Structure formats: structure tokens, C-alpha cells
Amino acid sequence: MSPTPRKLKVATVSLAGCFGCHMSFLDIDERLFDLIEHIEFDRSPLTDIKQVGACDIGLIEGGLCNAENVQVLREFRAHCKTLVAVGACAITGGLPAQRNHLDLGQLLTEVYRSRPGLSAGGAIPNDPELPLLLNKVHPIREVVHVDYSLPGCPPSADAFWHFLSDLMAGRTPHLGHGLIHYD
Amino acid sequence: MTDDVSPTQSFSLDGDDLPFASGETILQAATRAGRYIPHLCWHPDFAAHGSCRICSVKVNGRVGAACTVQAAAGLEVESNTPEMNRQRKTLLQMLFVEGNHFCPSCEKSGNCLLQATAYQMGMEGPHFEEFYPNRPVDASHPDILLDFNRCILCELCVRASREADGKNIFAIGGHGMGTHLLVNSASGQLGDTAMSLDDRAAHICPVGVILPKRRGFVIPIGQRRFDLKPVSQQREGDAT
């Protein structure tokens with residue numbers, strides 16, 4: 001009898017994203033039972049493991065808007081054999097990147113100091129525990145090598161399933177019409 | 001374009017014989033025959049512009065724009081090949097990073113020729129570093145919004161306004177990286193022109209620059225033109 005194949009280790013994380021890609025991933029519904037026959041989760045919002053371990057596949061949602069995002073991304077790259085940029089934010093910066101032609105200082109002032117309705121003495125948050133904001137929002141491929149991109153906002157559940165099925169079977173993922181979407 | 005096709009004159013497109021009429025370009029002949037050659041700045045109702053180069057094909061081994069190269073008997077044209085499609089994908093990736101193409105927040109998404117062509121070429125990401133240019137929108141017109149963030153400089157609006165509407169409302173100005181779409185009014189604002197929602201130019205934009213106001217999401221995302229069928233299977237000239 002041939003030995004049972006080792007389960008692939010998969011880690012997922014949301015950087016500057018809205019968790020919509022994770023929600024769409026969960027929308028594969030009962031196929032999760034098939035999936036779990038082939039993979040086990042490492043760091044992920046689904047497991048609450050805090051540090052990423054040695055993994056076969058890393059799925060990254062969201063772009064880079066602060067220093068912590070960059071640190072987590074680098075840890076994923078160092079620990080994952082295959083890194084996948086999932087969704088518009090990870091691939092292009094997405095909606096958060098629409099602030100990129102604006103001045104960050106002016107933005108923070110607008111939001112925390114000069115917006116109508118704020119209480120007197122409002123200040124821009126500066127707690128040392130808050131990650132330092134980047135001047136611009138960046139797609140993840142500007143910092144690390146990305147092996148594959150799974151586009152969409154979010155990618156559909158079928159796109160996730162098709163993509164992961166290809167990847168688990170050792171095929172280069174290919175999304176045809178209806179699965180490749182940028183919106 | 002003419003329907004006067006002489007069956008004795010033909011050229012080869014990806015190995016198939018394609019008849020053409022005198023004076024036709026490769027793209028005109030291919031389109032009339034229902035063959036898809038990817039393109040952005042070309043439209044059957046207007047003169048060829050040859051600027052986007054997405055329709056580049058190999059003609060007897062040399063690369064040329066199918067919208068400008070005249071069809072001729074015996075030409076060997078290669079279009080739908082891995083090499084040409086790879087080059088088209090690279091051109092598309094460059095177009096995407098030069099502007100601000102945030103598809104999830106664009107009401108043209110699903111009806112956008114740039115996006116649909118990128119789907120067709122299997123573009124999963126933009127590959128190059130994003131420019132994130134600063135291009136303020138023009139909302140001065142009561143019925144039409146201009147969002148320059150998505151302009152690919154195809155000049156279809158320029159041609160439509162000049163040739164179909166007789167108004168000459170748009171122009172391309174600047175040089176190199178600074179090339180941009182202009183509005184021909186003293187203020188530079190669309191609200192100070194004679195532009196009308198009935199104009200051909202108001203509906204010709206292949207991307208989401210010229211948008212009629214108050215109609216944004218009439219058709220939900222997922223049910224729009226290129227959501228239903230890939231661009232290669234659509235009829236040329238259908239409204240977007």
C-alpha cells in the first residue's frame with residue numbers, strides 16, 4: 001500500500017485588506033472538507049497561530065500600508081515555498097492605494113484634527129505600539145518575489161477552488177474566462 | 001469598409017485563408033470575417049490610429065499593427081500565437097501601471113475593453129511597478145463625468161468628437177510621460193463645452209474615462225458585457 005501523501009501546509013494572512021478574500025475563500029463551502037484532506041493550516045485567521053512556520057503555500061491578502069505589513073510579508077516569504085498574492089490589494093495595492101497621490105500628513109490631519117464633528121483637542125494617534133504608516137500603499141510584489149497572483153476583489157470561491165486544486169495537483173494554475181476577474 | 005470582397009484575393013491569418021476587399025487593412029478584413037485580433041484604439045467606424053499596438057501581428061515575419069497594415073494577396077499573418085499574445089500582455093501591463101486602473105471601484109468594470117482584453121490575454125497581475133499618477137477628475141458637466149485616471153490615450157473620443165459630432169471637444173496634449181487628454185475650452189473644463197450626452201464621443205471610450213452620470217450600476221457587476229462572454233466571442237462595434 002502506498003503511503004498517504006503528506007498534507008500541504010498552508011498559511012494565510014490579511015495585510016492592508018478587508019478580509020473579503022478570506023471570506024470568499026470560506027465560500028468554497030462544503031469543498032472545505034475535500035480541501036482539508038489535502039492541506040493543514042499554519043498561521044491563518046482560521047487557526048489563530050501567531051507566527052508563520054515552514055509552509056508549502058502562503059496566501060496573502062491585502063497590500064502594504066505599514067511597517068508591520070512589511071515584516072509579516074517578509075516572514076511569509078521566508079517560510080513559504082510558494083507565495084500567492086490574493087486579490088486586488090495584494091496585486092495592485094487596491095482601494096487603499098487610492099490615497100497614494102495624496103499627502104499622508106494632510107490625510108491624517110483631515111481625519112483626526114480638522115474633520116467636522118471631532119471633539120476639541122483631538123490628536124493624530126501616536127502610540128508606540130501602532131505600526132508606522134508607509135508614505136504610500138504598495139503591492140506586495142514590490143517588496144518580495146511573488147510566485148502567483150489570484151486576481152479579484154475578491155476572487156470568487158470557484159476561482160479559489162480552481163486555483164488551489166491546480167496548485168495542490170502540481171499544475172501551474174490557469175484561470176479561464178469567468179474565473180479571471182479584477183472586480 | 002466595403003462588402004465588395006473578391007474571392008480571388010486572400011491572405012493567410014494563422015494558417016487560414018482570409019478573403020479581403022481592395023483597400024482593407026488586415027484588422028478590417030479579419031473583423032469582417034468574424035476573426036478576433038485584440039485591439040484597443042481601433043474602432044470600425046473611425047480611421048485607424050495605430051497607437052495602442054495591441055493589434056500587432058507578424059506579417060511575413062515582421063511585426064506591424066493590423067489596423068494600419070494593408071491586406072495584400074499572399075501575406076502570411078500570425079496573430080494568435082504564444083509569442084504575439086505574450087507581447088500583447090506586456091503592453092497591457094504597461095497600460096495598467098501608467099494609469100490608475102482600480103477595477104473594483106470603476107463603474108465601467110465588466111464593460112471595459114482594456115480589462116476584457118487583459119482577461120483574454122490571461123493577465124493575472126500588472127508585473128511592472130505602479131505609477132500611481134495624480135489625475136484629478138472633471139465633474140463640471142451636468143451629465144458626463146471625466147475620470148482621467150483611466151485614460152489610455154487611444155484618441156477614440158478625439159476622433160468621434162471631430163469626425164462624428166463635428167465638435168472637436170477633445171485633444172491629446174503634452175509629450176512623453178506628460179501626454180494627456182485635454183478638453184478644448186477656455187477653462188479646460190468639460191462643463192464649458194458643447195458636449196452632449198447624445199454625442200458619439202460620450203459613448204465611445206473603451207475604458208472608464210467618459211461616463212454618463214447617474215447610471216453607474218444599472219447593470220450589476222457579474223452581468224455586464226464582458227462578464228457574459230469573452231471579448232474574442234463578441235461582435236465588433238457592440239455598445240459597451
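Let me start with one residue: V10(A) stands opposite F41(A), which lies in strand 2 of chain A. Keep in mind that this is a predicted model.

Now the strands themselves. Strand 1 of chain A covers residues 8–14. Is strand 1 mostly covered or mostly open? Mostly covered, with six of its seven residues buried. Strand 1 runs parallel to strand 2, residues 39–41, and three bridges join the two. Strand 1 and strand 3, residues 55–61, also run parallel, and here there are five bridges.

Next, the contact of the two chains. How many residues does each chain bring to the contact? Chain B gives 28 and chain A gives 24. Between them the chains bury about 2,100 Å², and carbon and sulfur atoms account for 58% of that area. On the chain B side, the residues that lose the most area to chain A are Y119(B), E124(B) and Y132(B), together 36% of what that side buries.

On to specific pairs. The rule finds one salt bridge across this interface. In a salt bridge, the side chain of E130(B) meets that of R141(A), at 4.0 Å from N to O.

As for the side of chain B that touches chain A, helix 3 (113–120) and helix 5 (225–228) of chain B each supply at least two of its residues. By type, the residues of that side are 15 nonpolar, eight polar and five charged.

Methods: Residues numbered from 1 in each chain as written. Chains lettered and ligands numbered in written order. Predicted model: local features only at pLDDT ≥ 70, side-chain atom pairs only at ≥ 80, totals over all residues. Heavy atoms only, no water. Buried < 20%, exposed > 50% of the residue type's maximum accessible area, 1.4 Å probe, protein only. Helix = DSSP H or I, 4+ residues; strand = E, 2+ residues; numbered from the N terminus. Pairing = 2+ DSSP bridges. Contact = heavy atoms within 4.5 Å. Buried area = accessible area lost by both parts, 1.4 Å probe. Nonpolar A, V, L, I, M, F, W, Y, C, P; charged D, E, K, R; others polar.
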